[in-house]
Amino acid sequence: MGIQGLARLIADYAPSAMKTSEMKNYFGRKVAIDASMSIYQFLIAVRQDGGVALTSDNGETTSHLMGMFYRTIRMVENGIKPVYVFDGKPPQLKSGELAKRLERREEAQKALEKAQDEGDQENVEKYQRRMVKATRQHADECKYLLSLMGVPVVQAPCEAEAQCAALVKAGKVYATATEDMDALTFASNVLLRHMTFSEARKMPIHEYHLSKLLEELNFTQEQFIDLGILLGCDYCGSIKGIGPQRAITLLRQHKSIDEILKHIDNKKYPVPDGWLYKEARQLFLEPEITDPGEVELKWEEPDEETLVKYMCEEKGFSEDRIRNAVKKLAKARQSTTQGRVDSFFKVIPNPNKRKDDKPPSGPAKKKKQTTKQSAKTGGTFKRR
């Protein structure tokens, strides 16, 4: 779930903290990707006719493998160096949210059975998607696939978003790629949404900058965490009746949840019994992570033959397509490496340029200034 309504709040109160971009603009960037979120997306999006998941001949689901394989290649072709970070054990504070998710799946199962009995194909597909869950087996299969592709994998001890954020803060990677906005409350300096979306959806990447967000809101990181808790997070309940606008107003007035609780009308805004907001705040401030200094990120050449054996012989994919895709991956990886090497070369002054050469003037000068200005701005920020 992440933080409820945070993307909309940023669009309304801190629009310059978000800009839209394209995948090609991240050439040469290392990006930590929330693997569990990606797997979940692939399980929902990669489907056969009739809305059922893609499967091998023996009936095993392979939607996640197809999505992970081809989307990763697409990123590498655009010069990105992906790092996939996998969830560890969920924190105890998340047990309530997990229980709610289980309850929603049970309700979806009943609705699915009813739709199947009635022959309502539209609702069958709808509730099948609500039943989707990324399992440990899905994760293990993706880890093995990525290792064969030469893409680094990081196993987080707890929440993947927290580990991604730690890698960003340590300078190991440029950004966290996930759909969960709580990467910002874990203090990821840069958050990328829609990075792993299908190209067919034509969704621009949304790039959020935490420093700009805090500046526009005039909040400290601790106050921003309190805002996330008031909006609704995975680790505790929220106060009924306090929406985004009121949450910001109260925090600007009282500076913290602790002070807010001393001043609000408990009858109008009932606080949940045994509200664990302090524990949730501490989890965001000091999450359980692996020290980024101990994490080695290494990209290697893909193992073509083992990849073909795994994806084709074991999982039933077309050998021609897999081999062609692996060749694209190897070529893209070489291009990315060459691009990084080129960036170290210095521009050598033209020895034939005369000292008395005059700078451009008139239309030529104007054109040169316009080009330079465009390079500085780099893109426009948009409201969502």
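These legends describe close-up views of one predicted protein model.

**Figure 1. The whole chain, counted.** Residues are numbered from 1 along each chain as its sequence is written. The protein has 16 helices and 7 strands. Helices (H or I, at least four residues) and strands (E, at least two) are DSSP runs, numbered from the N terminus. Of the 384 residues, 45% are buried. Buried means under 20% relative accessible area, exposed means over 50%, and partly exposed lies in between (1.4 Å probe, protein chains only). Take the contacts between residues at least 6 apart in sequence: 72% of them join residues at least 24 apart. Contact means heavy atoms within 4.5 Å.

**Figure 2. Helices α6 and α14 pack together.** Helix α6 covers residues 136-149 and helix α14 covers residues 304-314. Their axes are 9 Å apart, at an angle of about 150°. Axes are lines fitted to C-alpha atoms, for helices over the stretch in contact, and angles run from 0 to 180 degrees between N-to-C directions. The two helices are therefore roughly antiparallel. Angles under 35 degrees count as roughly parallel, over 145 as roughly antiparallel, 65 to 115 as roughly perpendicular, and the rest as oblique. The crossing of α6 and α14 is left-handed. That term means the near helix is turned anticlockwise from the far one by less than a right angle; clockwise makes a crossing right-handed. From α6, the contact uses E141, Y144, L145, L148 and M149. From α14, it uses T306, L307, Y310 and M311. By class, the contact has 7 nonpolar, 1 polar and 1 charged residues. Ala, Val, Leu, Ile, Met, Phe, Trp, Tyr, Cys and Pro count as nonpolar, Asp, Glu, Lys and Arg as charged, and the others, Gly among them, as polar. An α-helix has 3.6 residues a turn, so residues three or four places apart point the same way.

**Figure 3. Helix α14 and its end.** Which residues of α14 are buried? They are L307, V308, Y310, M311 and C312. Just after the helix, G316 takes a positive phi of about 80°.

**Figure 4. Helices α10 and α13 pack together.** Helix α10 runs over residues 221-231, and helix α13 over residues 277-285. The axes lie 10 Å apart, at an angle of about 125°. This pair is therefore oblique. Its crossing is right-handed. On the α10 side, E222, I225, D226 and I229 take part. On the α13 side, Y277, A280, R281, F284 and L285 meet them. The contact has 6 nonpolar, no polar and 3 charged residues.

**Figure 5. G228 inside helix α10.** G228 is buried, at 3% relative accessibility. Not counting residues up to four places away in sequence, G228 touches I3 and C233. G228 and G2 are 226 residues apart in sequence, yet 8.9 Å apart in space, C-alpha to C-alpha.

**Figure 6. A32 in strand β2.** The strand covers residues 30-34. A32 is buried, with a relative accessible area of 0%. Leaving out residues up to four places away in sequence, A32 touches V83, V85, C164, L167, V173, A175, T176 and A177. P152 is 120 residues from A32 in sequence, and their C-alpha atoms are 9.8 Å apart.

**Figure 7. T196 and H194 in the loop between β6 and β7.** Strand β6 covers 190-193 and strand β7 covers 205-209. Is T196 buried or exposed? At 6% relative accessibility, T196 counts as buried. A polar contact of 2.6 Å joins its side chain to that of Q41. Such a contact is a pair of N or O atoms within 3.5 Å; within protein, one must be able to donate a hydrogen and the other to accept it, and residues adjacent in sequence count only if both atoms are side-chain atoms. Beyond four places in sequence, T196 touches I33, S38, Q41, F42, R71 and M75. H194 is buried too, at 6%. H194 has a positive phi of about 75°, although it is not a glycine. Most residues other than glycine have a negative phi.

**Figure 8. K255 between two helices.** K255 is found in the loop between α11 (244-254) and α12 (257-263). Its phi is positive, near 80°, and K255 is not a glycine. At 49% relative accessibility, K255 counts as partly exposed.

Note on methods
This is a predicted model: local features need pLDDT of at least 70, side-chain atom pairs count only at pLDDT 80 or more; totals for chains, interfaces and linings use all residues. Side-chain values use heavy atoms; hydrogens and water are left out.
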